[in-house]
Each structure stands twice: as C-alpha cells, then as structure tokens.
Amino acid sequence: MDINRQNGTLSVTGLRELNSANAHSFRSAVATALSHDLQAIEIDLSQTQTVDGAGLGALVSLYETATAHRDPDGLRLRLTNPSPPVQQMIELARLHHLFEIAPQAGSLEGTRPQ
Amino acid sequence: MKALLICPDPGLAVAALTESAPLSNVPMLGQSLLEYWLAHLATLGAKEVVVLAADRPEQVLAGVGDGTRWGLRVRVQPENRELTLDEARAKHQANDRAAWLPAPNDVVLLDHLSSLPQLPLITSYADWFAAAQAFMPRAITSDRIGVRELEPGVWIGLHAHIASGAKLIAPCWIEERAWIETGAVIGPNAVLEKEVFIARGAEVSQSLIGPKTFVGQFTEVRNSIAWGSSLVNWERDSCVQVPDAFLLCSRETRRARPALAKAPAKLRLRDYVSGMPASAFAEFDPPR
C-alpha cells in the first residue's frame, strides 16, 4: 500500500485487500498521514480484491477521525475504481451515501454522497 | 393425455440460484417452476407427466413426489444432459404420439412461465428478475392458498410478520413466514421468498431476496438478487459472496455456525466504527 500527498489530496493506492486481516493497519497508516489542511482523501480500490465489514468499518472510522475537529463538508473521502463486487459490498453497507464513489471506466456513472 | 417437461440446465447464467437446488426447484414467488408447470398441465387435461432431469434428479423427484398434489402421475427420468424438444419427442414419444397433449404443450422446456411465454427466465439474472416482476399480478391463482393482496400491489403470504414501523411500497410480494422488522422499507419491485428475515432499518428495492435469507440491519439491497450469502447485481451482472453474516447470509448458516456468524461481526464493528449508533450494528437473532 502506498500513501502520497499532493495539493491537499491524500492518495492511497496499491490496496490489495481491505478486510479483517489488514483493516487495523490500513486505518493506522492512513490516520498517521492525516492533517487539518487536507481537502480530500482518495482511496484507489482498483487492485482491491476483497472487502468485508471490518474493512468498511475502517473506512468509516478513518473518515470520522479525519473530520473529528473540522467541518465534514470541507473534506471529501473518495473511493475510486472499485471492482463491481467491491462496489456491491460498499452499497450493501450503504457507504455510497457517505462517500463519493468513482467507478471504473466503462461502468456506471459515479455517485456522490446523498 | 401425457406431457414431457424438460428441466433446464442453465450453466453459469444464473449460477447463484442453482447452488443448492436444480433450477426447476428454485422458487419464484413461493413456488417452483416445476410446480407452476405441473399445475398448468393439469388444467390442460394432462394425466401423466414425465420430467426429464439432468441436474440433480433426486432433488427434482423429492420436490414433486408422484404428482398426486396435482391429480397427475409424475415420473422423473434422469438424463445425461438437457435434451432438445425434438430429441425428447424422438426418445420418449416414439410409438404413441396420439396419447400426448397437442404441441407445443406435449414437450415443454422449463425456460419460461406458462403465463409469460414471451419472457425468457434463465438467460440472465436480469431476465429472472424481470419475469418475477411481471409475474406478480398473475401469480395468485384459484388454487393458491394463503396469499392475499393487502393493498393494491402488495401481496402477503401466510404467517408473514410485518412490524408496525415497516414500510411496504407497491409492487411487492412477501412470501409466507417472512419476517420484517421495524424501520425496514420493502419495495417498490421487491420480492421476498419464504422465511426471509429483513432486519431493522434495511431497505430492499428493485430486488429479489431468496428463501431463508437474512438481510442485516440498515443494509441496502437495490437492483439485486440476494440468495443466502450470494449477492448479485442483476443490472451490472456482477456477483459477490458476502463474507459477513451480519450483512447478508442464509438463515441456515446462522443456525449452523453461530460462533462464526456472530462474534466476529460484533468485534470488527465495535473495533472500527466509533461514531455510528450502536444499534446499527447490534447483533440480532432471527426468530426460529
């Protein structure tokens, strides 16, 4: 997993799984890189094969940590390129209402949190 | 008069539906394709029906018995593969063609419903779902016991439990012994098969929930077929096995493996989700 920061956006790439095996380490690693001047967190799920409830919980927890002492509207958490099965898990848990989803090219249009 | 019914072997097109039963036994609005067709053939005057089954013929036999429920004599004939209509005629009608129902009802491939011949069933999940939607207003027949139309477009089976705080949006079909908790929203265009459990706050729309499936609290099932732990998005034709029993699972799995189905879910969410209401992730045992 790689974490990079550029122009107020924290980008997470190379995430092969997001489940009970790595949810805690994922959350800790990304939380360490958070700062108050961040405008967006972008998590690339293009290589993510499996997601479970623990992984989805880690995303929620990360978002709450990032917005704990600031206006939540000032920070976007964007999940990009989820495979269709991963997107199904996100939608089953209703996280597409909380996060912006940018699907893979060629699939359905992206969604914005409602 | 006699008739042949060919049980289809759809391959992978609707694999999530046929994991535990042959397609002819898979329920649609409470009854299997085979049950609907046997009832229909009985109304056409058939007295004897031979069912040609390549996929799990022992389950097919267990599902229909000897046919006395329909006033028929039913025999299940195992086959090595799905026969074409012509092959079935040549093999089974060779010497006594006069004894059979007139074509096309002398040999029927169970790839459609008798009342919806124009709608293919087994070519894709989207087709299966579309047929279920179209079939809803036609499924209550004179010989069907227990299902009633609660309000226009809302059909409820026997012993279904619907909490006072649940919302039903037509059209929707809720089979017998389904259990819907408060705050759940069912519909529009939702089908809940027998013994489905919809936990508090869950939303089901444009979807079909398979028999004995548990749908967890505050989940959202949309444009999907949920069948045990299999979740198929019929619009995108994608499928995922949901690993978390608190989100989606077979109720039989929850009964058989309570330790696996409950404890990890509690621990994970309490560990990682701090700000969401605890009730959103509380474990709940469906009534047994």
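I began in chain B, where L5(B) stands opposite V51(B) in β4(B). The model is predicted: I took local features at pLDDT of at least 70 and side-chain atom pairs only at pLDDT 80 or more, while totals for chains, interfaces and linings use all residues. Residues are numbered from 1 along each chain as its sequence is written, and chains are lettered from A and ligands numbered from 1 in the order in which they are written.

**Entry: strand β1 of chain B**

I looked up the strand that holds this residue. Strand β1 of chain B covers residues 2–6. Strands here are DSSP runs of E with at least two residues, helices are runs of H or I with at least four, and both are numbered from the N terminus. Five bridges join β1(B) to β4 (residues 48–53) of chain B, in parallel. Three bridges join β1(B) to β6 (residues 107–109) of chain B, also running parallel. There I6(B) stands opposite L109(B). I counted strands as paired if DSSP finds at least two bridges between them. Is β1 of chain B mostly covered or mostly open? It is mostly covered, with four of its five residues buried. Buried means 20 or more other C-beta atoms within 10 Å of the residue's own, exposed means 12 or fewer, and partly exposed lies in between; the C-beta atoms are placed from the backbone.

**Entry: the open sheet of chain B**

Next I traced a sheet of eight strands. It is open and mixed, in the order β7-β8-β11-β14-β17-β20-β21-β22 of chain B. β7 (148–151) and β22 (238–241) of chain B are the edge strands; each has a single partner, so one side of each lacks a neighbour in the sheet. Ignoring direction, neighbouring strands of this sheet are turned by 15° against each other on average. I then checked one pair. β20 (residues 224–227) and β21 (residues 230–233) of chain B run antiparallel and share four bridges. I225(B) has V232(B) in β21(B) as its bridge partner.

Helix α3 (residues 84–92) of chain A packs on this sheet and touches β21 and β22 of chain B. Its direction makes about 65° with that of β22(B). For angles I used lines fitted to C-alpha atoms, for helices over the stretch in contact, with values from 0 to 180 degrees between N-to-C directions. A contact needs C-beta atoms, placed from the backbone, within 7 Å.

**Entry: L45 of chain A**

I found L45(A) in the loop between β4 (40–44) and β5 (50–51) of chain A. Why does L45(A) count as buried? It has 23 C-beta neighbours inside 10 Å. Beyond four places in sequence, its contacts are L15(A), L79(A), T80(A), N81(A), P82(A) and V86(A). S61(A) lies 16 residues from L45(A) in sequence and 17 Å away, C-alpha to C-alpha.

**Entry: chain B overall**

I noted six helices and 23 strands in chain B. Buried residues make up 44% of its 288 residues. The domain assignment, automatic or from a database, gives domain 1 (2–123) and domain 2 (148–281). Five residues of domain 1 of chain B are in contact with 13 of domain 2 of chain B.

**Entry: confidence**

The model scores ipTM 0.88 and pTM 0.88. Mean pLDDT, the predictor's confidence in each residue from 0 to 100, is 88 for chain B, and 88% of its residues reach 70 or more. Over residues 258–288 of chain B the pLDDT is below 50. Where pLDDT is low, predicted coordinates should not be read in detail.

Definitions and conventions:
Contact = placed C-beta atoms within 7 Å.
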